[in-house]
Amino acid sequence: MNFYDSERMMDLLKPHGYILDDNQDDADIIVLNTCHIREKAVDKTYSELGRIRDKIKLRQQKTGKKSIVIVAGCVAQAEGKEIIKRSPWVDIVVGPQSYQNLPELISKVDPINNNKHINIEFPIIPKFDHLDIDINERSSSAFLTIQEGCDKFCTFCVVPYTRGAEYSRPLTSILEEAKKLVDAGVKEITLLGQNVNAWSATGKEKKNWGLGRLIQELAKIKELQFIRYTTSHPLDMDIELIEAHRDVSKLMPYLHLPVQSGSDKILKMMNRKHSIIEYIKVIEKVRDYNPQIAISGDFIIGFPGETDKDHQATLDLIREINYSQAYSFKYSSRPGTPAVVFFDHVDENIKRKRLQEVQDLLRLQQMQFNKKSINSTLKVLVLKKGKKINQYLGRTPFNQSIYFNSNYNNLIGSTIDITVTDAFQNSLAGIINSDKNI
Ligand code: SAH
Ligand code: SF4
């Protein structure tokens with residue numbers, strides 16, 4: 001979602017004469033778009049701000065140039081003026097729901113008075129009403145935010161506080177943006193939301209639509225070939241969405257469905273509002289409707305009160321589901337969340353050991369999943385050139401990265417049948433099935 005927001009910020013600033021510069025040192029404006037989900041992400045913000053002071057600001061004292069430094073995103077939302085207090089060389093602090101005001105905030109910066117501007121409001125008119133996508137520089141794959149915020153209040157999570165209440169973008173604005181993207185050559189759209197499958201809005205004939213129905217509608221756009229969505233919550237996997245995985249061929253056979261823990265006791269303390277058996281049933285149903293679907297997930301390791309028995313339950317669940325790939329993180333205590341006051345903390349060494357065990361198992365499953373692809377022929381969207389000569393990088397329907405060689409000059413954006421010849425931990429290698437389909 002931060003990638004999506006960063007692109008929108010670029011689109012907003014372009015009409016004001018700003019272009020993207022790879023070299024931070026010479027930039028007129030430096031925007032750090034930040035994440036607050038774990039402590040490590042916050043630490044990174046402050047260390048990057050320190051680097052900007054040491055490498056850029058101190059040097060600029062000699063040259064007289066003054067880059068405008070902006071902190072955007074969820075750290076900005078959560079920390080507010082604390083950022084200016086700790087890093088007085090920052091000029092603007094702007095939250096994820098108010099960055100549509102960036103041009104105005106920038107125009108107010110006065111290098112002589114050194115005044116500061118903070119905007120971390122949750123506006124009544126959603127930011128999407130002020131955003132317009134710039135269709136000029138698109139790759140073949142794009143993100144499209146359809147939902148933001150969350151009302152579920154898991155006890156470990158900052159999202160409801162930083163991104164705000166659950167909000168679904170109206171159907172017309174989503175369809176308009178999707179069409180613009182496709183007109184600009186986009187072949188794959190990944191629908192985004194903190195709980196993307198909680199999306200619901202008034203559809204055609206004033207009917208209430210959910211994500212499954214939206215996907216059906218998007219699939220009607222002829223040139224759009226691949227549809228994905230992330231991240232989903234198990235409670236919001238309704239039958240229409242599950243049916244879409246059977247009926248809509250453009251919807252990719254990949255589902256990212258976080259569960260966080262394999263223990264009912266921990267799920268309860270996390271306020272996840274569902275049990276392990278309910279999670280397993282959802283996955284079974286999805287697999288009933290689409291047997292080849294690849295399942296991914298998220299796990300939090302070492303939540304307060306997690307015993308060895310709970311940890312074993314997480315390993316058991318991973319074995320039972322058999323993930324194609326999944327993310328796992330050590331629990332990170334976040335200020336303002338209910339779990340801050342849960343005192344039964346897991347020892348750091350134990351957390352590290354448990355995380356290692358979970359990641360070893362997930363890596364093994366990913367390797368097995370990738371190996372199963374060998375000799376199969378997959379429809380691959382070509383995303384970019386690889387590092388080697390004649391090498392291209394694409395993505396398989398199951399969300400695997402795949403490399404292949406071709407003498408053709410520009411295959412980016414094409415959809416090509418690739419036969420998988422080799423499998424690695426995080427990628428596949430393949431050959432073009434037939435030149436006929438280029
Ligand atoms: N809405 C999604 C998840 C969004 S947050 C869901 O409910 O499943 C993305 C992921 O970050 C979460 O799935 C979780 O695994 C991780 N995460 C969130 N807060 C965390 C914390 N305090 N410590 C460690 N990981 C966390
Ligand atoms: Fe955070 Fe997801 Fe829970 Fe919402 S449902 S509070 S985004 S983990």
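Student: Which residues does glutamate 223 touch, not counting residues up to four places away in sequence?

Tutor: Contact means heavy atoms within 4.5 Å. By that criterion, glutamate 223 touches Val182, Val186 and Lys187, with residues up to four places away in sequence not counted. Please note that this is a predicted model, in which local features need pLDDT of at least 70, side-chain atom pairs count only at pLDDT 80 or more, and totals for chains, interfaces and linings use all residues. Residues are numbered from 1 along each chain as its sequence is written, chains are lettered from A and ligands numbered from 1 in the order in which they are written, and side-chain values use heavy atoms, with hydrogens and water left out.

Student: Where does glutamate 223 lie, and is glutamate 223 buried, partly exposed or exposed?

Tutor: Helices (H or I, at least four residues) and strands (E, at least two) are DSSP runs, numbered from the N terminus. Glutamate 223 lies in the loop between H8 and S11. A residue is buried under 20% relative accessible area, exposed over 50%, and partly exposed in between (1.4 Å probe, protein chains only). Glutamate 223 counts as partly exposed because its relative accessibility is 43%. Aspartate 183, in helix H7 (residues 171-183), counts as exposed at 67%.

Student: How far apart are aspartate 183 and glutamate 223 in sequence and in space?

Tutor: They are 40 residues apart in sequence, and 8.3 Å separates their C-alpha atoms.

Student: Which residues of helix H9 are buried?

Tutor: In helix H9 (residues 239-247), the residues Leu241, Ile242, Ala244 and His245 are buried. They are on the same side of H9 because they cover an arc of only 150° around the axis; the arc is that of the directions from the helix axis to the C-beta atoms. The cover over the buried residues of H9 includes helix H8 (211-219), strand S11 (226-230), strand S12 (254-256) and helix H11 (276-289).

Student: What is histidine 245 in contact with, leaving aside its neighbours within four places in sequence?

Tutor: Histidine 245 has a relative accessible area of 2% and is therefore buried. Apart from neighbours within four places in sequence, its contacts are Tyr229, Leu251, Met252, Tyr254, Asn290 and Ile293.

Student: Which residues come nearest to ligand 1?

Tutor: A residue is near a molecule if one of its heavy atoms lies within 4 Å of it. Of the 18 residues around ligand 1, Gln194, Gln260, Arg272, Asp298 and Ser332 come nearest.

Student: Which polar contacts does one find there?

Tutor: A polar contact is a pair of N or O atoms within 3.5 Å; within protein, one must be able to donate a hydrogen and the other to accept it, and residues adjacent in sequence count only if both atoms are side-chain atoms. An oxygen atom of ligand 1 is 2.7 Å from an N or O atom in the side chain of glutamine 260. For a nitrogen atom of ligand 1, the distance to a polar backbone atom of serine 332 is 2.7 Å.

Student: How many residues of each class does the shell around ligand 2 have?

Tutor: Ala, Val, Leu, Ile, Met, Phe, Trp, Tyr, Cys and Pro count as nonpolar, Asp, Glu, Lys and Arg as charged, and the others, Gly among them, as polar. The shell around ligand 2 has 7 nonpolar, 2 polar and 2 charged residues; Cys150, His233 and Arg272 are among them.
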